[in-house]
Amino acid sequence: MEVSDLVDAMIPAPAIVAERLNKVFGDVWAVRDFTLAVGYGEVVALLGPNGAGKTTTVRMLASIIQPSGGCATVAGFDIATQPVQVRGAVGLLTEFPGLYKRMLALEYLDFFGRLQGVDSGRRAGRVEELLRRFELWDARRTQLGHYSKGMAQKLALVRALLHDPPVLFLDEPTSAMDPHSARLVRDTIGWLQGQKRCIVICTHNLTEAQELSDRIAIIRQGGIVALGTLDELRARYLHGVACEVRLAEPWDGLLPALSPLVQVESHGLTWLRYRTDDVRRTNPLVLAKLAGAGVQVLTLSVVESSLEQVYLSLIEGEAADAPAERAA
Amino acid sequence: MIRQLLATARNDARVAWIITAREVRDTLRDWRLVLPIGLLTLFFPLLMDATAQMSLSFTSRYGGAEILAWRIVPFLLMIVGFFPISFSLVIALETFVGEKERNSLEPLLAMPVSDRQLYLGKLLAAMIPPVLAAYLGITVYLIGLGITMHYTPPATLLIQILVLTTMQALVMVAGAVVVSSHTNSVRAANLLASFIVVPMALLVQGESYVMFWASYDVLWWIALGLLVAVILLMRLGLHLFNREEILSRGMDRIRLGDAWRTLKAQFLQPASAGGRPFSLWRVYGHDIPWLLRQAAPAVACIVPALMLAAFVGFYLADKFPLPAGVLDLSRISGQSFKQLPDLGFLPAFTTWGIFSNNVRSLLLAGVMALFSFGVLAILLLMAPVTILGYFAAAFAVSGHSLGQFVVGFILPHGIVELPAAILATALAARMGAVMVARPAGASLGQRLLQSVADFVKLFVFVVMPLLLLAAFLEANVTPRVLLWVYGLS
């Protein structure tokens with residue numbers, strides 16, 4: 001055995017390995033060349049506008065639909081040739097909870113537990129544990145038609161976790177929840193990550209992506225346009241440092257005077273924001289110019305770049321509204 | 001191997017039953033479904049009981065006419081079984097598309113269950129309520145008959161009706177589940193249900209005819225035919241079941257342009273032609289031989305079916321012989337053929353009359369094949385062969401030579417007409433078979449359109465020329481040969 005083989009054996013294989021996955025519906029590319037590897041204990045957020053291909057990607061990785069091209073393994077199973085095994089290893093929180101409204105929560109979870117192959121001895125305990133964790137135990141005998149949106153969402157999450165899957169796909173996990181429930185779910189995601197689960201979250205919620213994920217994949221028109229940690233994305237896509245000046249009075253009319261020094265990104269009546277590669281040189285010049293114009297400066301501070309700025313620069317900056325590309 | 005198969009079947013049944021049990025429980029909890037179905041199931045048999053009593057009362061006023069009422073009673077027994085199936089079909093119609101509309105389908109599709117397990121579970125769940133409702137209706141009707149008319153049907157008839165009702169329920173539900181998995185709204189599924197309910201209603205009309213003549217044995221054959229239809233529909237549904245199609249189907253659009261392009265491409269430039277331009281040389285040198293190879297499996301099924309049809313004709317001739325003197329060949333003359341249209345078989349005993357009649361019949365077979373998995377096309381060809389077999393045997397029984405009959409009546413034009421009819425029927429059956437075969441590399445619609453284009457091509461370039469020649473022979477040569485064979489003038 002080679003040393004490299006030993007090293008390979010010691011390093012666990014990624015939970016998800018997708019290589020150039022494609023999905024074409026008719027003549028429209030829904031997903032194009034999707035390549036991603038996610039390890040156990042890692043949380044990756046798929047971030048993108050509606051119709052970017054997030055849900056289709058997750059459906060392919062969960063072996064609900066077949067890819068048109070490319071290949072992928074999930075928990076070691078091939079999504080094309082071992083769909084039943086893949087579905088057994090995956091917990092999927094769908095975009096809509098989709099509960100059976102005439103069932104009770106206990107019946108509902110028992111049904112899905114049986115389909116997931118959770119044996120009867122373990123099922124009841126698991127159901128109780130998860131219902132208590134998500135504060136639904138008291139509503140266990142309530143008809144699901146009477147559940148609120150947030151409760152339904154939490155129950156759908158319980159359904160996804162019931163068989164203790166190593167890989168989780170969570171589509172908008174906190175979208176319909178009140179702040180308390182959303183916090184509960186976020187804490188749970190952190191707890192699952194601690195248990196070395198591989199978690200992929202589809203979301204529009206930038207704060208959630210920023211808070212929960214280790215890496216972020218920004219998706220546009222079916223393909224990943226950016227992938228990395230938040231810091232990596234900032235460094236890669238947002239050049240320089242953003243500075244914000246707060247003024248004591250309106251600064252109307254000063255824009256032409258400042259334009260040779262900096263490019264103002266955004267501004268209000270009494271504030272302006274610009275980006276610079278050289279703070280030491282630019283900031284004194286800006287202050288001097290403002291002082292020279294008789295405008296009193298209250299503060300000048302460096303603004304930390306947010307995921308939103310990265311996202312907008314990638315999505316809005318590149319004709320995000322363009323229709324999906326046609327397949328050849 | 002067998003043990004493994006049994007284990008797989010047992011596991012499939014176990015998983016399917018989990019799905020079935022949930023769905024049936026869910027259905028029974030919905031009072032908006034249970035109440036009307038229950039009330040109609042109970043009310044209708046009572047109405048039929050009253051109808052049976054009134055019929056008997058009315059016919060008993062006229063001596064000996066009671067037999068009419070007693071023929072109605074078993075028919076109503078079947079109707080009270082059929083009626084609940086037709087209105088509880090809504091459960092089957094919404095089995096997939098309803099769940100899709102409620103967004104509850106995707107979590108189910110994400111479960112580690114196979115397509116077969118999921119489909120069977122859903123199918124069974126859709127079958128149980130209609131079948132139970134039908135049995136309940138029959139029971140109520142029988143109890144009513146027992147109380148009011150002191151009538152109990154013969155055990156055989158009761159079993160026949162129960163089998164027939166079950167088969168009708170299975171056909172309708174299996175068809176409805178196929179519809180449900182291929183539409184994008186419950187509303188569309190309900191509209192398409194008429195394609196199930198109307199043919200079944202026609203079948204029930206046919207059954208009423210059979211029952212009025214008390215030809216109860218025929219009911220077994222109808223049940224057998226329905227069983228075949230159930231198997232084909234289940235196979236069709238399972239083969240076409242596609243998680244992706246169900247989830248991703250947005251708005252169904254009629255794309256006449258696309259359909260026309262597919263038809264045209266397959267007719268003029270099929271993939272098998274390898275890019276060679278369309279020409280008569282290519283059609284007869286390549287396309288037709290390729291189509292004949294494609295038709296070979298269907299021909300291999302049709303030829304034994306025609307032999308069976310001829311045998312049935314022989315059997316019927318033996319069982320129902322023609323009265324003596326009917327086959328009096330001495331009355332045949334050249335004038336007799338001109339009088340054939342008077343019998344209503346042909347518009348005119350001319351080349352054009354025979355040709356147009358045959359073309360119409362075979363085109364009708366093509367259309368019917370589309371709605372019957374190809375079965376009706378074969379049956380349509382078997383019918384005249386049965387008649388020929390009957391007459392051939394009748395001639396033989398009445399002392400004529402079978403060889404003379406074949407040479408005189410069939411051979412001159414049949415040698416051309418029969419191959420043409422077999423080929424057209426084979427391509428028609430192939431169109432029907434596309435419905436139950438797993439489509440490879442193309443959608444069902446595309447495969448169907450391609451098979452239609454193949455049928456049209458063979459029909460235009462082979463079948464029609466052969467039929468024209470056969471019609472000419474039949475109108476001009478066969479009568480002369482016939483008169484010559486039998487020494488008539």
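## Contacts of A:V74

In this predicted model, A:V74 touches A:A15, A:I16, A:L61, A:I79, A:V86, A:A89, A:V90 and A:V167. That list leaves out residues up to four places away in sequence.

## Nonpolar cores

A:V74 belongs to the largest nonpolar core, a set of 149 residues. A:V74 and B:A176 have the most contacts inside this core. Helix α3(B) supplies its largest share, 15 residues.

A second core is separate and has 47 residues. Among them are B:L306, B:I378, B:A426 and B:V463. In soluble globular proteins, nonpolar side chains tend to be buried together.

## Packing of α2(B) and α3(B)

Helix α3 of chain B spans residues 66-93 and packs with helix α2 of chain B, residues 31-59. Their axes lie 9 Å apart, at an angle of about 170°. Angles over 145 degrees count as roughly antiparallel, so α2(B) and α3(B) are roughly antiparallel to each other.

What classes of residue make up the contact of α2(B) with α3(B)? There are 19 nonpolar, 5 polar and 1 charged residues.

## Interface between chains A and B

Across the interface, 23 residues of chain A are in contact with 20 residues of chain B.

By class, the chain B side that touches chain A divides into 8 nonpolar, 8 charged and 4 polar residues.

Methods. Residues are numbered from 1 along each chain as its sequence is written. Chains are lettered from A and ligands numbered from 1 in the order in which they are written. This is a predicted model: local features need pLDDT of at least 70, side-chain atom pairs count only at pLDDT 80 or more; totals for chains, interfaces and linings use all residues. Axes are lines fitted to C-alpha atoms, for helices over the stretch in contact, and angles run from 0 to 180 degrees between N-to-C directions. Helices (H or I, at least four residues) and strands (E, at least two) are DSSP runs, numbered from the N terminus. Angles under 35 degrees count as roughly parallel, over 145 as roughly antiparallel, 65 to 115 as roughly perpendicular and the rest as oblique. Ala, Val, Leu, Ile, Met, Phe, Trp, Tyr, Cys and Pro count as nonpolar, Asp, Glu, Lys and Arg as charged, and the others, Gly among them, as polar. A nonpolar core is a set of buried Ala, Val, Leu, Ile, Met, Phe, Trp, Tyr and Cys residues joined through C-beta atoms within 7 Å. A residue is buried if 20 or more other C-beta atoms lie within 10 Å of its own, exposed if 12 or fewer, and partly exposed in between; C-beta atoms are placed from the backbone. Two residues are in contact if their C-beta atoms, placed from the backbone, lie within 7 Å.
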